[in-house]
2 protein chains.
Amino acid sequence: MIQSILQEKKRLVESRLQELLQTKEPAHRTLYDAMNYSLLAGGKRIRPALFLMGLDLFRVPSAPYIDAACAIECVHTYSLIHDDLPQMDNDDYRRGKLTNHKVYGAGMATMAGDGLLTYAFELLTGLPAAAPEIRCRLIMLLAKAAGPEGMVGGQAQDIEAEGRLLTPAELRTLDRCKTGCLLCAPLDMAAAIAEAGDIEAAELHEYGIHLGQLFQITDDLLDAGGTLEEMGKNPGQDAVMHKATYVSLAGADGARRLAEEEANLAREALAPLGDEAKPFRELAAWLLHRTK
Amino acid sequence: MIQSILQEKKRLVESRLQELLQTKEPAHRTLYDAMNYSLLAGGKRIRPALFLMGLDLFRVPSAPYIDAACAIECVHTYSLIHDDLPQMDNDDYRRGKLTNHKVYGAGMATMAGDGLLTYAFELLTGLPAAAPEIRCRLIMLLAKAAGPEGMVGGQAQDIEAEGRLLTPAELRTLDRCKTGCLLCAPLDMAAAIAEAGDIEAAELHEYGIHLGQLFQITDDLLDAGGTLEEMGKNPGQDAVMHKATYVSLAGADGARRLAEEEANLAREALAPLGDEAKPFRELAAWLLHRTK
């Protein structure tokens with residue numbers, strides 16, 4: 001069930017993403033190639049799917065808001081390109097393909113990331129279906145989640161943490177910023193469009209926080225035990241980089257238990273929303289048992 | 001006259017910039033230090049000054065819009081940080097200080113740039129004096145100017161041009177994107193806030209285009225003939241990087257003549273705006289004769 005929902009959302013998002021980044025200026029061709037290389041490289045499209053599922057939950061037709069889903073994916077893709085750079089994680093593979101800088105060079109990859117981030121905000125200003133105050137609110141929510149108090153803050157903590165043993169509390173703060181914020185933002189954005197009540201919006205946000213932790217813990221488990229084929233990137237990088245992970249702090253069994261706890265907390269956060277929220281609960285279960 | 005106007009605008013902008021980027025999260029301290037290091041490193045603050053001068057021209061009180069001026073400077077500062085990175089121009093000095101990555105490392109500098117860019121858009125969503133549709137328009141104008149069809153596009157062309165001889169037309173397109181777009185955006189944003197007529201807005205935009213060319217040509221002249229003390233950065237880098245510049249294409253005298261032409265075109269663009277536009281004409285003359 002959830003897998004077919006995710007497939008459908010992925011198809012919707014990818015068909016629009018393919019149309020978006022086009023240029024008439026020949027001098028910009030390589031930049032657009034570099035942006036599209038990573039943007040169209042596949043992936044689960046979880047963040048835009050969460051946004052579209054949020055609109056479904058509130059019974060808002062999602063077609064007029066597809067560009068907002070794409071803006072979220074542009075921000076996510078930019079973060080992956082910059083995260084893979086030599087001065088960051090220095091990864092060679094992502095989603096089973098060479099990383100952006102391995103193909104286009106580190107300078108062009110930096111610009112591809114910068115271009116995608118900037119374009120995401122431009123895209124949100126042009127959302128025809130949303131009133132200007134809603135568009136402003138969407139931009140604010142996405143900028144806060146992606147900015148220095150959110151994802152960029154988490155990435156910066158990650159840089160500082162290298163070679164140092166983090167406490168479980170520090171790791172939790174780091175992952176909440178780095179992964180959690182950009183999983184909560186799509187839910188917050190859907191609630192903003194639907195003008196949902198504060199309580200419902202808060203329940204959905206709470207779900208997003210636990211989903212973020214669940215996502216990160218299972219990512220750590222996969223990195224510790226996965227193969228390049230399963231992961232689409234070189235496994236074991238966390239250990240090579242001496243990064244603190246849930247696996248290094250709690251062991252594989254401990255991390256598995258933590259993941260189960262987060263999946264339960266995510267599901268419980270949505271209990272008041274009843275049957276309508278079933279796909280979200282299934283998503284948590286699916287992430288808990290994912291193998292890639 | 002223009003120098004005292006620039007001084008006053010610089011003081012206004014810097015006093016607000018100092019208040020903006022604060023964090024309560026100890027884990028984000030280094031990131032905020034890195035962002036503030038470059039944001040508060042001085043500089044001419046030409047872009048926010050152009051925005052504030054634009055508001056003056058249209059007789060709009062500028063105090064309620066100071067955060068928009070700061071957002072423009074955040075975007076400019078981010079572009080300098082990324083432009084200086086090892087994979088880009090690999091510069092050691094900027095504004096007489098070590099570049100961001102020389103102090104904080106390339107990873108943190110990448111994040112400081114990303115953080116400033118994202119924060120700029122957040123700042124514009126919160127502009128209390130502007131109606132939501134104006135805020136959306138400001139974000140659109142800044143994102144387009146800074147994005148893949150604007151500044152980032154110009155930077156990407158710059159990367160591709162390395163080691164290759166550009167034609168004068170190619171160099172003009174490159175600089176129009178790389179430097180011109182972010183000099184036009186403040187003028188376009190001021191016109192949007194003032195809800196200026198199309199003709200006045202277009203005259204101001206035209207001025208911005210020529211000011212951008214003038215700025216780039218004099219930058220090339222300074223790079224070819226300046227000292228580290230005058231420039232605040234290592235001079236002669238363009239020649240070291242084998243970059244096409246107006247000096248390499250037209251010689252110093254030819255570049256000087258081109259600069260004079262652009263200064264005249266900039267002044268002429270504003271002729272219909274009469275005496276009110278005097279500071280803008282003085283700014284063009286001042287930039288033509290600048291020594292740093």
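These questions and answers explain the terms used for some contacts and residues in this predicted model.

Local features need pLDDT of at least 70, side-chain atom pairs count only at pLDDT 80 or more, and totals for chains, interfaces and linings use all residues. Residues are numbered from 1 along each chain as written, chains are lettered from A and ligands numbered from 1 in the order written, and side-chain values use heavy atoms, without hydrogens and water.

Q: Why is helix 7 of chain B called roughly antiparallel to helix 9 of chain B?
A: Their axes cross at roughly 170 degrees and come within 9 Å. Angles over 145 degrees count as roughly antiparallel, under 35 as roughly parallel, 65 to 115 as roughly perpendicular and the rest as oblique. Therefore helix 7 of chain B is roughly antiparallel to helix 9 of chain B.

Q: What makes B:Tyr37 and B:Tyr104 an edge-to-face pair?
A: Rings of Phe, Tyr and Trp (its six-membered ring) pair if their centres lie within 6.5 Å; planes under 30 degrees apart count as stacked, over 60 as edge-to-face and the rest as tilted. Here the centres are 5.7 Å apart and the planes stand at 75 degrees, so the pair is edge-to-face. B:Tyr37 lies in helix 2 of chain B and B:Tyr104 in helix 5 of chain B, so the pair ties together parts 67 residues apart in sequence.

Q: Why is B:Tyr37 called buried, and B:Tyr104 partly exposed?
A: Buried means under 20% relative accessible area, exposed over 50%, partly exposed in between (1.4 Å probe, protein chains only). B:Tyr37 has 17%, so B:Tyr37 is buried. B:Tyr104 has 26%, so B:Tyr104 is partly exposed.

Q: How do you know that the charged end of A:Arg290 sits over the ring of A:Phe215?
A: The test asks for NZ of Lys or CZ of Arg within 6 Å of the ring centre and within 35 degrees of the ring normal. The charged end of A:Arg290 lies 4.4 Å from the centre of the A:Phe215 ring and sits over that ring.

Key
Axes are lines fitted to C-alpha atoms, for helices over the stretch in contact, and angles run from 0 to 180 degrees between N-to-C directions. Helices (H or I, at least four residues) and strands (E, at least two) are DSSP runs, numbered from the N terminus.
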